Amino acid sequence: MDWGFANRLSRTIRPDGRCFYLAVDHGYFQGPTHRLENPGKTTEPLMKYVDAVFMPRGSVRATLNPQMDIPLILRVSGGNSMVGEDLANEEVSVSIREMIRLNAAAVGISVYVGSKYEHQTIMALAKLVDDCTDYGIPVMAVTAVGREEDKKSARYLALASRVCAEQGAAVVKTYYCDDFDKVVAGCPVPVVIAGGPRTENDLEVIQFVYDGLQQGAIGVNLGRNIWQNECPEGMARALQMVIHENASPKEAFEVFESMKAAMPKAG
Ligand code: 5RP
């Protein structure tokens with residue numbers, strides 16, 4: 001592994017081998033998602049808990065303080081939207097020069113295995129890995145499912161994760177599911193857990209992150225389940241405890257509850 005690549009990777013995976021990425025990339029296809037109207041404002045209070053921020057270049061330039069002391073994982077795929085024909089119709093939308101100009105510690109791309117755009121998105125990943133390898137930039141592949149929530153099975157996610165790893169992804173982001181250990185076992189590179197829509201129950205988030213880590217994931221890349229929570233800082237702190245401090249879900253949930261109770265009351 002080249003020094004630059006190793007150095008960038010070590011900035012996004014902590015010395016304990018774990019990572020906590022905050023996903024704030026939703027605007028690239030969802031527009032101004034609830035609580036992400038200003039991604040910089042949403043991200044700022046959470047910075048102290050996370051290891052890297054996953055964001056597209058528009059939000060980075062417009063809303064992030066360049067003096068921030070936290071690595072950027074740049075979202076570099078796009079070309080689709082919630083109101084368009086097909087969410088899977090993505091390509092690489094950022095040049096390698098721009099990735100370097102923005103000082104990306106890593107880049108992220110969605111791959112839609114089993115969709116109409118499977119070939120296009122897998123080849124986009126392969127080409128991105130080639131280009132990024134020339135400049136020592138690790139690539140995180142996201143096994144995206146678009147609106148096809150039924151794809152979140154171990155059988156599908158293991159296949160999609162392995163396909164991404166074989167094209168050279170340094171890290172694969174995929175969903176937690178039943179038999180998640182099989183997904184991790186079949187993926188020769190580190191796996192981080194994706195979030196998905198906000199869950200009904202706060203303990204559920206902490207629990208699936210804990211379970212995923214027990215089954216071999218190295219960390220998370222979560223968005224809505226943190227910043228759409230009533231107490232985003234409490235959830236971020238709880239997840240940090242589970243990821244980096246070997247806290248049990250119960251211990252982390254207690255901290256979440258106490259931070260939530262200490263929040264100033266609205267109105
Ligand atoms: C979907 C993505 C998202 O853009 C985002 O990162 C998801 O975050 P969350 O689902 O936790 O809100 O990668 O494939």
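Here are a few worked exercises on this predicted model. Residues are numbered from 1 along each chain as its sequence is written. Local features need pLDDT of at least 70 and side-chain atom pairs count only at pLDDT 80 or more, while totals for chains, interfaces and linings use all residues.

**Exercise 1.** Work out how H9 and H12 pack, and which residues meet.

*Solution.* Start with the elements: H9 covers residues 202-214 and H12 covers residues 249-261. Helices here are DSSP runs of H or I with at least four residues, strands are runs of E with at least two, and both are numbered from the N terminus.

Next, the geometry. The axes sit 10 Å apart, at an angle of about 140°; they are lines fitted to C-alpha atoms over the stretch in contact, with angles running from 0 to 180 degrees between N-to-C directions. That makes the pair oblique (under 35 degrees is roughly parallel, over 145 roughly antiparallel, 65 to 115 roughly perpendicular, and the rest oblique).

Now the residues. From H9 come Asp-202, Leu-203, Ile-206, Gln-207 and Tyr-210, and they meet Pro-249, Ala-252, Phe-253 and Phe-256 of H12. Contact means C-beta atoms, placed from the backbone, within 7 Å. Sorted by class, this contact has 7 nonpolar, 1 polar and 1 charged residues (nonpolar: Ala, Val, Leu, Ile, Met, Phe, Trp, Tyr, Cys and Pro; charged: Asp, Glu, Lys and Arg; polar: the others, Gly among them).

**Exercise 2.** Is Ser-93 buried, partly exposed or exposed, and what does Ser-93 touch?

*Solution.* First place it: Ser-93 is in the loop between strand S5 (91-92) and helix H5 (96-101). Finally, skip neighbours within four places in sequence, and the contacts are Val-76, Ser-77, Gly-78 and Gly-79. Ser-77 is 16 residues away in sequence, yet the C-alpha to C-alpha distance is 5.1 Å.

**Exercise 3.** Look at phi of Asp-179 and of Asn-246, then find where each residue sits and how exposed it is.

*Solution.* Recall that most residues other than glycine have a negative phi. Asp-179 has a positive phi of about 60°, and Asn-246 has a positive one near 50°. Asp-179 lies in the loop between strand S8 (171-175) and helix H8 (180-185); Asn-246 lies in the loop between helix H11 (232-244) and H12. With 13 C-beta neighbours inside 10 Å, Asp-179 is partly exposed, whereas Asn-246, with 12, counts as exposed.

Conventions: Contact = placed C-beta atoms within 7 Å. Buried ≥ 20, exposed ≤ 12 C-beta atoms within 10 Å, placed from the backbone.
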